[in-house]
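Let's take a walk through this model together, stopping at a few places worth a look. Have the viewer ready.

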Amino acid sequence: MRSLIASWNILKKDVKTYYLKPPNISWGIIFPLSWTLMQALHSAKGNMSGLLPGLIAMSVLFGTTSMLAVTITFERSGRSFDRLLLAPISLGMMVGAKIAGAVIFGIFNAVVPVILVFHYIGLERVKWAMLFLGVLLVAITSALIGLLIAVSAQQVFEAQTLSNFFRFPMLFLCGLFLPLNSLPLFLRPVSYLLPLTYGTDIIKGAITRNNLMAPALSYGVLLAFATGLFFLCHYNIKRKWIL
Amino acid sequence: MIVASKLKKKYGDFTAVDGISFTVKQGEIFGFLGPNGAGKTSTINMMIGLSRPTEGEIIIDGIDVRRQTKKAQAIMGIVPDVSNLYNEMTGFENLCFCASLYGLPKKEREHKARQLLERFQLTGIEERPFKAYSKGMRRKLTIAAAIIHSPRVLFLDEPTAGIDIVSARQVRELVLGLKELGTTIFVTTHNIEEAERICDRLAFIANGKIVADGSVKELMDQVSHRQAMQVVTDANVGGLIGGLQARFEGSIIEQIDDRSMLLKSRNQIPLLPLVEYLSRHGISVYEAKYVRPSLEDVFISLTGSEKPLISRNKGKGGQKP
C-alpha cells in the first residue's frame, strides 16, 4: 500500500509538473503535431491512410522519449531525484511510476493523428483494441529507451540530442515511411532489431490491415523488448546512480 | 542506534573513506567534522544507501543498510547539503509529496504538512513555489520535508551552509528541538562552532580517516594544557615578534593584526614580563586575555595541519570557506 501511494504520487507530480515543460512541448507535442498536419495538408486521401500509422507511432515515440528525458534530467540536475532514490519504495516501482507518466503523455500525443484516422478512414474499419495495444506497447518501449538515454545524460539538451540519435534512424528504418522490403538488404536486419518496427506493424494492421508480421509475434517481441529494456534500465540506474 | 564498522569507500584508486568505525547512541546529536573533501559526504551517502560501501557495514536500529536498504530508509530522514525540493511545487505541495513517498495517507500528510509549516514559521508562504523561497526558508522547508514521516534517525549534511545567521540559528534550534523529541541526529559540518553548540559527541575526519572522536569535553581535554593569550596594544607590534619569541622561549607568537597578537605556549604565560618587555619598546598594552582552546585547536593538533581547513563561524551562518 505504501509503495502504491508513493508511486501514484510520483506519477501525479510528473504529470502536473513536467507535461508542459518547453522541451516536452517542442519535441513531444509541436514537432509530431506539425509533421502530422503537414502530411494531412499535402497528401492525397489514399496516401494519407498509409501514412497515419507512421504518424501515430512517431507521435508516441517523440512524446514518451521527450517526457522521460525531461523529468529525469531536470530532477537529476536539481538533485531532487535523490529523494526518489532515498524513498523506501523499490527501484522497480519508482521506475514504473516514472515510465507511466511518459506512457500516458505518449498516448495523449497520439490523439491528433487518431482523430485524422476518424476523418480519413472512418471508425468502423479500425481494429481499436489492436490499435490501442500497439500504441501502448510502442509507448512503453519508447519510454524505456528514453529512460536508458536519460540515465546517461546530465542535462535536458544533452538527453534530447542523444534521443535524436535514436529517434530519427528508427523512424526511417522501422518501415514507417519506407517499406521494409524497399530498404537496402544490409539494413533490413537492423530494422528487425528495432521495437518501433513491430509497433508500427501492429498499428498498420489495426488501421490498414497491411501488417507484415502476425500481430501475436509483434506483441511477443515488443513485450520481450519491454522486459529486456526494463532490466537494462534498472541495472544502469543502480550502476550509475547508486555509486 | 547507528554502528558503522570498518567502512571503506574507494572510487577507482582513490580512497575517500578509509576503514572508519563509529557508533551513535539513541537520541544523541553526533557531529562529523572535517574539511571539504575529507570524506564526510561519502560517509553519509553510504549510511543513507545512496552509495555502496566498498567494505564494511552499517547497522541502523538493527537494520543492515547494505542488505535491507529500503527498510533502513523508511526510518531515516535525510537533509542533503543542497536544498533539493521541487522548484515548481509550492512549499505545501513539496511537504505533502515527500510524505507520500513514505506512504502517508492524504489526510495525514496534509495535517502534518500544516503542523510543520507552523512549527518552522513558514505559514503564509506555503502556497509560494519553492524556487521563490529565500535560502534560509529553503533550508527550513528541506528539514521539514525530512522529518514529515517522523524518522527515528535524521541525517543532516551541512545544515547551515550558505544561509544567513538568523536562519542558521533557527535551524540549530530546530535540530535541538528534534533531539528533545528523541530523534537520533547525525550531522556533518565543517563549522566547528556549530558542532560545539549542538553536538553531544563528535568525530573528526581527515583524509578519509577518523582522527579523534568523543564528547566535546573529552576532545577539549586533549588541548586543555595549552595556554593562549591575546594581547592588544597601542602600536604596531610587527617588529617585536622575533624579540618576543626569543624572550618567551617555547612560545609561538602570531600577529593577528597591526596591534594585536596571540601567544601560545604549553606553560603558563606570565603577564608582567610581557607588559614590561613591550613597555620598554614604547608600546602600551590595552588588553590581555586568556583565550580558551577551541575544537579548532584540537583538530590542528590531531592532524598537524598548520592552517585549519575547517572554518569557524564568523557570523555568516556557516559559509563554506
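Predicted model: local features only at pLDDT ≥ 70, side-chain atom pairs only at ≥ 80, totals over all residues.

Take B:Cys96: the nearest cysteine sulfur belongs to B:Cys98 and is 9.5 Å away. B:Cys96 counts as buried, at 10% relative accessibility, and B:Cys98 does too, at 1%. Here buried means under 20% relative accessible area, exposed over 50%, and partly exposed in between (1.4 Å probe, protein chains only).

Next, find helix α10 of chain B, residues 271-280; helices are DSSP runs of H or I with at least four residues, and strands are runs of E with at least two, numbered from the N terminus. Which of its residues are buried? They are B:Leu274, B:Tyr277 and B:Leu278. Seen down the axis of α10(B), the buried residues fall within an arc of 95° (taken from the directions from the axis to the C-beta atoms), so they line one face of the helix. An α-helix has 3.6 residues a turn, so residues three or four places apart point the same way. Their cover includes β11, α9, β13 and β14 of chain B, with contact meaning heavy atoms within 4.5 Å. B:Leu272 and B:Arg280, on the other side of α10(B), are exposed. After the helix comes B:Gly282, with a positive phi near 75°.

Residues are numbered from 1 along each chain as its sequence is written, and chains are lettered from A and ligands numbered from 1 in the order written. Local features need pLDDT of at least 70 and side-chain atom pairs 80 or more, while totals for chains, interfaces and linings use all residues; side-chain values use heavy atoms, leaving out hydrogens and water.

How values were computed: Disulfide = S-S within 2.5 Å.
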